[in-house]
Amino acid sequence: MPQGFEPLTSLSMKADTPPHRECYDQEFTLESHPNNDLSVDEERLLRKRETALGYRIMASWGWGADGSGHITARDPENKNCFWLLGYGVPFAKATIDDLVLIDEAGALIEGNRAANPAAFHIHAPIHAARGDVIGAIHTHTPYGTPFSALAEPLPMSSQEAAAFYELQGVYEGEELNVTDLQTGRSIAEALGDGRLVILANHGLLTVGTSVASAVGFYLNAERAAEVAVKTPHGRQISSSAAQEVHASVGNELNGWHIFQWLVRSRLGDPAEVG
Ligand SMILES: [Zn+2]
């Protein structure tokens with residue numbers, strides 16, 4: 001198991017609470033954990049819900065307003081298949097019913113819209129290579145894309161960057177529009193066992209053991225890229241200090257907590273996604 005992908009503690013849920021609503025309807029505290037005691041159908045609904053919410057979080061900053069960007073969620077039963085928003089739906093209006101399910105060959109399994117081809121070519125090889133990855137997100141952001149033109153890993157110059165200490169890779173290929181699976185496999189190779197891959201001259205991509213943590217850590221990566229772009233000669237902390245910070249901010253539960261904050265801070269009623 002790679003560094004930073006610790007298993008999470010299970011939390012039993014109240015029988016009278018719809019499981020897919022629990023983390024948003026209950027009080028959010030330091031002790032809040034994801035509910036890992038779900039049936040397959042409940043888990044699927046949770047992953048789809050977090051995916052739709054994740055698209056809306058992207059839209060809350062205007063990211064993906066031109067259609068560039070995607071979030072995928074591995075299906076809990078058909079594990080070679082993943083969910084993503086059907087092509088053409090504005091991210092700000094994403095709902096569970098707008099998601100489509102495609103398999104590792106790109107065939108449409110469920111839903112009545114097409115899937116973004118770049119999403120398939122980039123995400124399918126990552127889901128195939130990394131059985132621990134449930135969620136993955138990529139888009140073109142105000143600082144992630146400029147930083148990616150450096151074709152370098154994030155410097156350890158902020159708390160947010162420490163979430164990726166020894167968990168980041170750089171894909172240096174020049175295929176800025178990913179139109180084939182071989183390029184996606186090379187991106188997956190650059191990601192390795194990490195959490196972040198910087199697609200040179202293109203943007204950022206993060207993964208997580210939940211859709212929520214993948215989205216939460218994407219915000220960390222964008223913030224770290226902003227620090228790096230604005231302070232190109234900023235001080236980098238030592239490896240030992242980065243490792244220590246990573247231990248507190250780099251675990252999967254922290255990524256999940258960031259997502260809970262984003263849902264509460266950036267969106268209206270989460271039930272709008274269905
Ligand atoms: Zn892209």
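Mentor: What follows is a set of questions and answers on the chain as a whole, then on some of its helices and strands.

Mentor: This is a predicted model, in which local features need pLDDT of at least 70, side-chain atom pairs count only at pLDDT 80 or more, and totals for chains, interfaces and linings use all residues. Residues are numbered from 1 along each chain as its sequence is written.

Trainee: What is the mean pLDDT of the protein chain?

Mentor: pLDDT is the predictor's confidence in each residue, from 0 to 100. In the protein chain, 91% of residues reach 70 or more, and the mean is 91. Over residues 1-20, however, the pLDDT is below 50, and beyond near neighbours in sequence this stretch has 40 contacts in the model (C-beta atoms, placed from the backbone, within 7 Å). For the protein chain, the mean pLDDT is 91.

Trainee: How many helices and strands are there in the protein chain, and what is its radius of gyration?

Mentor: Helices (H or I, at least four residues) and strands (E, at least two) are DSSP runs, numbered from the N terminus; there are nine helices and eight strands.

Trainee: Which residues of helix H6 are buried?

Mentor: A residue is buried if 20 or more other C-beta atoms lie within 10 Å of its own, exposed if 12 or fewer, and partly exposed in between, with C-beta atoms placed from the backbone. In H6 (residues 181-191) the buried residues are Thr183, Gly184, Ile187, Ala188 and Leu191. They cover an arc of only 145° around the axis (directions from the helix axis to the C-beta atoms), which puts them on the same side of H6. Their cover includes helix H3 (117-129), strand E6 (168-171), strand E7 (196-199) and E8, and the residues asked for are Thr183, Gly184, Ile187, Ala188 and Leu191.

Trainee: Within what arc do the buried residues of H9 fall?

Mentor: The buried residues of H9 are Glu252, Gly255, Trp256, Ile258, Phe259, Leu262 and Val263. They line one face of the helix, because seen down its axis they fall within an arc of 155°. On the other side of H9, Trp261, Arg264 and Ser265 are exposed. The arc is 155°.

Trainee: How many residues of strand E5 are buried?

Mentor: On one side of E5 are Gly135, Ile137 and Thr139, and on the other Ala136 and His138, all buried. The strand (residues 135-139) is therefore largely enclosed by the rest of the structure. The number buried is five of the five.

Trainee: Which residue of E5 is the bridge partner of Ile71?

Mentor: Two strands pair if DSSP finds at least two bridges between them. Strand E1 (residues 69-74) is joined to E5 by five bridges, antiparallel, and five bridges also join E5 to strand E8 (residues 203-208), again antiparallel. In E5, the partner of Ile71 is Ile137.

Trainee: Is Ala242 buried or exposed?

Mentor: Ala242 belongs to helix H8 (residues 239-249). Leaving aside neighbours within four places in sequence, Ala242 is in contact with Met156, Ala162, Tyr165 and Ile237. With 21 C-beta neighbours inside 10 Å, Ala242 counts as buried.

Conventions. Two residues are in contact if their C-beta atoms, placed from the backbone, lie within 7 Å.
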